[in-house]
Amino acid sequence: MGAKPTTLSGLSGSGDIMLTCFVNLSRNRNVGLRLGSGEKLGEILDSMNQVAEGVSTAGAVIALAQKYNVKLPVLTAVARIIDNELTPKRAVMELMNLPQVEEV
């Protein structure tokens, strides 16, 4: 899509991913942890005074992945959880049972 490799490897790419994954200050991480513990998305969002942008952008990323024929099983599962199509527990089971493929 024209992105610069240095963008992904810099703070706005890898840095943001690491923050989301490992730091308790991440709004997206907190939403994910709370969803995983059984809270409903509406309750989580109502209790927040900031925006967890991943909630609204997950579907857009899935649409782009489909357009460009990119497989994103983890993000697809996240989007399905957000859309209330899948429980976190079921998502983990489905992801763990995917066939192993070589990553390029």
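**Pockets and helices of a predicted model**

Colleague: Which helices each supply at least two residues of the lining of the largest pocket?

Modeller: Helices here are DSSP runs (H or I, at least four residues), numbered from the N terminus. A pocket is an open set of points on a 1 Å grid where a 1.4 Å probe fits, with protein on both sides within 12 Å along at least five of seven lines; lining residues have an atom within 4 Å of a point. Each of these supplies at least two lining residues: α1 (5-9), α2 (11-22), α3, α5 (53-67), α6 (73-82) and α7 (88-96).

Colleague: What kind of model is this, and how are residues numbered?

Modeller: The model is predicted: local features need pLDDT of at least 70, side-chain atom pairs 80 or more, and lining totals use all residues. Side-chain values use heavy atoms, without hydrogens or water, and each chain is numbered from 1.

Colleague: Which helix gives the largest share of that lining?

Modeller: The lining has 34 residues, and Asn28 is among those nearest the pocket centre. Asn28 belongs to the helix at residues 27-36. The largest share, 7 residues, comes from α3.

Colleague: How many of the lining residues of the largest pocket are charged?

Modeller: Ala, Val, Leu, Ile, Met, Phe, Trp, Tyr, Cys and Pro count as nonpolar, Asp, Glu, Lys and Arg as charged, the others as polar. The lining has 23 nonpolar and 7 polar residues; the charged ones number 4.

Colleague: Which helix gives the largest share of the second largest pocket's lining?

Modeller: That pocket has 15 lining residues, with Pro73 among those nearest its centre. Both α6 and α7 supply at least two. The largest share, 4 residues, comes from α6.

Note on methods: A polar contact is a pair of N or O atoms within 3.5 Å; within protein, one must be able to donate a hydrogen and the other to accept it, and residues adjacent in sequence count only if both atoms are side-chain atoms.
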